[in-house]
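Have a look first, then read on.

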Amino acid sequence: MTLNGTLTEKFDAIAAAGFRHVELAQADLAGFEGTAQEAGRLADSYGLKIIVFQPFRDFEGRPRDEFDHHLERARVALRTTRALGAEMLLVCGTVADDAVGDADVLVADLRILADLAADAGLKIGYESLAWGKFSRRYRDAWRIVDGVDRPNFGLVLDTFHTLALGDDPARLADIPAERIFLIQVADAPYLSCDVLQWSRKHRCLPGEGSFDLRGFLTFPMRNGYAGPLSLEIFSDQSGADRPADVALRAYRSLCKLEYDTRRGLIGDRDRLVS
């Protein structure tokens with residue numbers, strides 16, 4: 001979603017920039033004249049591994065008389081994830097108006113989804129949205145993940161959703177690193193506007209905004225997180241630029257952010273030792 005162009009153009013730019021893994025969105029498949037399996041083979045031809053298919057929305061807490069319908073939606077999404085050769089389906093916390101907020105219902109629904117995914121050999125990554133109905137902050141999502149209590153059901157963190165709300169990332173240190181399946185990184189300027197519009201229109205690459213991304217990443221990395229860092233940038237500007245240019249800037253900015261964060265951790269350790 002960070003790049004414009006066809007799926008072939010995106011894969012070409014992403015691979016040329018140096019990336020070896022990629023997330024794929026439903027919109028990518030909607031514009032692709034082929035099957036999910038063919039999209040997976042196309043990624044393979046560029047040396048890219050699709051690690052995440054996303055987003056699967058508005059599943060948990062829906063009216064009981066509609067639950068079979070949402071289960072079938074889940075089965076379709078999981079079949080697509082497998083066909084792509086991906087390992088994880090990303091699930092966003094519901095924003096549906098008709099969803100109920102009973103924690104037991106939310107957890108029970110997601111446990112069913114986790115078990116369906118386990119039967120397919122897949123993982124579920126659960127993410128809070130800053131405008132979510134019941135789960136807005138990473139601690140909300142973590143309570144749900146902890147309640148589902150399945151080894152294939154873990155937490156997805158997005159720097160935007162935490163930092164746009166002014167949430168304190170320090171409590172990330174309390175979450176076991178192995179329960180965090182993915183960290184999506186986005187910078188942004190500080191704005192006074194609706195958080196949904198802020199997210200959809202004004203994200204930018206690391207170092208091009210005002211967020212303390214290094215401060216955010218310090219906590220899970222200090223705790224042992226060694227999973228993927230990905231970029232999820234919604235921006236009118238990036239959508240207008242050449243995919244190759246955006247991908248190269250993206251790769252360099254993410255490498256610099258990781259390097260600076262790890263260098264800071266080494267400095268912290270040296271100060272503690274001395």
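## The second largest pocket

Sorted by class, the lining of the second largest pocket has nine nonpolar, four polar and seven charged residues. (Ala, Val, Leu, Ile, Met, Phe, Trp, Tyr, Cys and Pro count as nonpolar, Asp, Glu, Lys and Arg as charged, and the others, Gly among them, as polar.) This is a predicted model, where local features need pLDDT of at least 70 and side-chain atom pairs count only at pLDDT 80 or more, while totals for chains, interfaces and linings use all residues. Residues are numbered from 1 along each chain as its sequence is written, and side-chain values use heavy atoms, with hydrogens and water left out.

The volume of the second largest pocket is about 220 Å³. Of its 20 lining residues, Met1, Pro55, Arg57, Glu232 and Phe234 are the closest to its centre. H2 (26-30) gives the most to this lining, with three residues.

A pocket here is an open set of points on a 1 Å grid over the protein atoms alone, where a 1.4 Å probe fits, with protein on both sides within 12 Å along at least five of seven lines; lining residues have an atom within 4 Å of a point. Grid points are joined across faces, edges and corners, and a volume is the space filled by probe spheres set on the points.

## The largest pocket

The largest pocket comes in at about 700 Å³. It's lined by 35 residues, and Phe19, His21, Val22, Ser230 and Leu231 are the closest to its centre. Helix H11 (243-273) supplies the largest share of the lining, eight residues. Helices (H or I, at least four residues) and strands (E, at least two) are DSSP runs, numbered from the N terminus.
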